[in-house]
Amino acid sequence: MEHLRSTNVVFAIVMALLVVQSSTRPQPDELEEIKKTLYNACAGKFPITEEMKKDILNSNMVDDQNFKCFLRCCFDEMSMIDEDGIIDGESLISMATDNLKPVIQQVVQSCVKDIKQDGCEAAFNFISCGLKLNPMTIQLLPL
């Protein structure tokens, strides 16, 4: 029941973000609050260490199952990955801020795979591919 409540909170935040973005772009502090909520929701299920976070923020991807599933959880909480591990690139682009939109478009075009795969691996491969294309992809992560 608690998981359902936290999922509803995340869903409400995402919906609020979509409404805000349809009229004006969210402020950086609003985005940071959403990232913090995502981090708290997913790090509780798939803990990642401070050392891992530091490595990732320096664009050194950590090949760790908890981290991979943490990423999937983040996509899951925002309803941007399906049960087949396919990332919803169009939704990701539509939620991007103006400064990230060209980066996200490039990453989606190059890195979204329309093949059935494990969701944790799909999320990890998408972010890894994105970081190779453009280090600004790191701004997607709630770390």
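The torsion about the S-S bond of Cys111 and Cys129 is about -75° in this predicted model, so the disulfide between these two residues is left-handed. The sulfur atoms of Cys111 and Cys129 lie 2.0 Å apart. Cys111 has a relative accessible area of 5% and is buried, whereas Cys129, with a relative accessible area of 23%, is partly exposed. The limit for a buried residue is under 20%, which is why the value of 23% places Cys129 in the partly exposed class.

In total, the structure holds 3 disulfides. One of them connects Cys42 with Cys73, and the sulfur atoms of this pair are 2.2 Å apart. Distant parts of the chain are linked here as well: Cys42 is in helix H2 (residues 28–43) and Cys73 is in helix H4 (residues 65–77), 31 residues apart. The S-S torsion of Cys42 and Cys73 is about -80°, and the disulfide is therefore left-handed. Cys42 is buried at 0% relative accessibility, and Cys73 is buried with a relative accessible area of 5%.

Another disulfide joins Cys69 to Cys120, with an S to S distance of 2.2 Å. Cys69 lies in helix H4 and Cys120 in helix H7 (residues 119–133); the two are 51 residues apart, and the pair links distant parts of the chain. The torsion about the S-S bond of Cys69 and Cys120 is about 105°, so this disulfide is right-handed. Both Cys69 and Cys120 are buried.

When the bonded cysteines are numbered in sequence order, the pairing reads 1-3, 2-5, 4-6. Cys74 is in no disulfide, and the nearest cysteine sulfur, that of Cys42, is 4.0 Å away. Cys74 counts as buried, at 8% relative accessibility.

The chain as a whole has 7 helices and 0 strands, and its pattern along the sequence is α-α-α-α-α-α-α. Of its 143 residues, 43% count as buried. Among contacts in the chain with a separation of 6 or more, 63% are between residues 24 or more positions apart. The accessible surface of the chain comes to about 7,900 Å². Carbon and sulfur atoms account for 54% of this surface.

Conventions. Residues are numbered from 1 along each chain as its sequence is written. This is a predicted model: local features need pLDDT of at least 70, side-chain atom pairs count only at pLDDT 80 or more; totals for chains, interfaces and linings use all residues. Side-chain values use heavy atoms; hydrogens and water are left out. Helices (H or I, at least four residues) and strands (E, at least two) are DSSP runs, numbered from the N terminus. Buried means under 20% relative accessible area, exposed over 50%, partly exposed in between (1.4 Å probe, protein chains only). Contact means heavy atoms within 4.5 Å. Accessible areas come from the Shrake-Rupley method with a 1.4 Å probe; for residues, only the protein chains shown count as cover. A disulfide is a pair of cysteine sulfur atoms within 2.5 Å.
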